Amino acid sequence: MPSPRELIDAYAHCERETRRHARSFWAALRLLPPGPRHGMAALYAFCRQADDIADGPGTAEARAAQLAEVRRALDQGRWGLSPDPVARALSDAVRRFGIRRQDLAAIVDGVAMDCRPVRYATFAELEGYCERVASAVGCAAVCVFGASGEEARAKARALGIALQLTNILRDLREDALAGRCYLPEEELGRFGVSGADLGRPAAGPALKRLVSFQVDRARRFFREAEGLEAHLPRSTRFFPAALAAVYGRMLSRIAAEGYDPLESPPRLGRLEAALLTLRVYAAHLVA
């Protein structure tokens, strides 16, 4: 069991990692009370660590094997015994906030799916991926935020899918050039879009229609997630609302640009995201 000093250092390490790799996310994180802030930093650092393994050097088989070892350590309760500060911090957060270990295992399983060629035949398959890499994070996060119950988890699941679908549209061309295609093959065929179309400098009419369809789908999941804040304490309820606002702005930008995320990827600058987050935070303070 780590000493109190070792735990303080472990959480500080996770906060530094969050600030270094996700400054817009950190802008919202620092508005949380200390306990939830520490828990969310540990959760982010864990997800980042898994992502770094999946996207790191070495063969796909070697990277998958590394993630499989993380998964076994989680299953066997060995992961928290590691001297790694991320493992120490998140293991403590699991105990403090009641994070379900199956959610952490699902995150690892989802990230491992990126170690093999990325192709999804149907939306049902893509939805399963989104549930692992995003919804499971949301379900762990609502524990940190102080929520319990299946309704909160259901809304966190919907929010995670909405966020991940937005990420997919934002990175459509970048992923295509890296040989990854997250849009379902059934839907590509239905709209008359080829995989090569996703790597072009600009979207043609068929791809724009497909992107419009995907934007509508993401917005439906955002609507399903509405009301999540009601399940959270006042001090943390702004956080999912801020995420929805930032990612909703991305979807609005895709629509405003004629549904062409290839030519104009809808990225928000750190200042814009921070101001939007502060606006949501202030609204929740007075609500």
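Mentor: We start with a cysteine. In this predicted model, the sulfur of Cys 139 lies 7.8 Å from the closest cysteine sulfur, that of Cys 143, which is too far for a bond. A disulfide needs two cysteine sulfur atoms within 2.5 Å.

Trainee: Is Cys 139 buried or exposed?

Mentor: Buried means under 20% relative accessible area. Cys 139 has 6%, so Cys 139 is buried. Cys 181 is buried as well, at 8%.

Trainee: What is the relative accessible area of Ala 158?

Mentor: The value for Ala 158 is 0%, so this residue is buried. Ala 158 sits in helix α8, which covers residues 150-170.

Trainee: Which residues is Ala 158 in contact with, leaving aside its neighbours within four places in sequence?

Mentor: They are Phe 221, Glu 224 and Ala 225. Ala 158 and Ser 135 are 23 residues apart in sequence, and their C-alpha atoms are 7.0 Å apart in space.

Trainee: Which residues form a nonpolar patch on the surface?

Mentor: Leu 271, Leu 275 and Leu 278 form one, with about 300 Å² of accessible area together. Take Leu 275, in helix α13, residues 270-286. Its relative accessible area is 45%, so Leu 275 is partly exposed.

Definitions and conventions:
Residues numbered from 1 in each chain as written. Predicted model: local features only at pLDDT ≥ 70, side-chain atom pairs only at ≥ 80, totals over all residues. Heavy atoms only, no water. Helix = DSSP H or I, 4+ residues; strand = E, 2+ residues; numbered from the N terminus. Buried < 20%, exposed > 50% of the residue type's maximum accessible area, 1.4 Å probe, protein only. Contact = heavy atoms within 4.5 Å. Patch = residues over 30% accessible without salt bridge, like charges linked within 9 Å, V, L, I, M, F, W, Y side chains within 5 Å. Areas by Shrake-Rupley, 256 points an atom, 1.4 Å probe, with all protein chains shown as cover. Salt bridge = Lys/Arg side-chain N within 4 Å of Asp/Glu carboxyl O.
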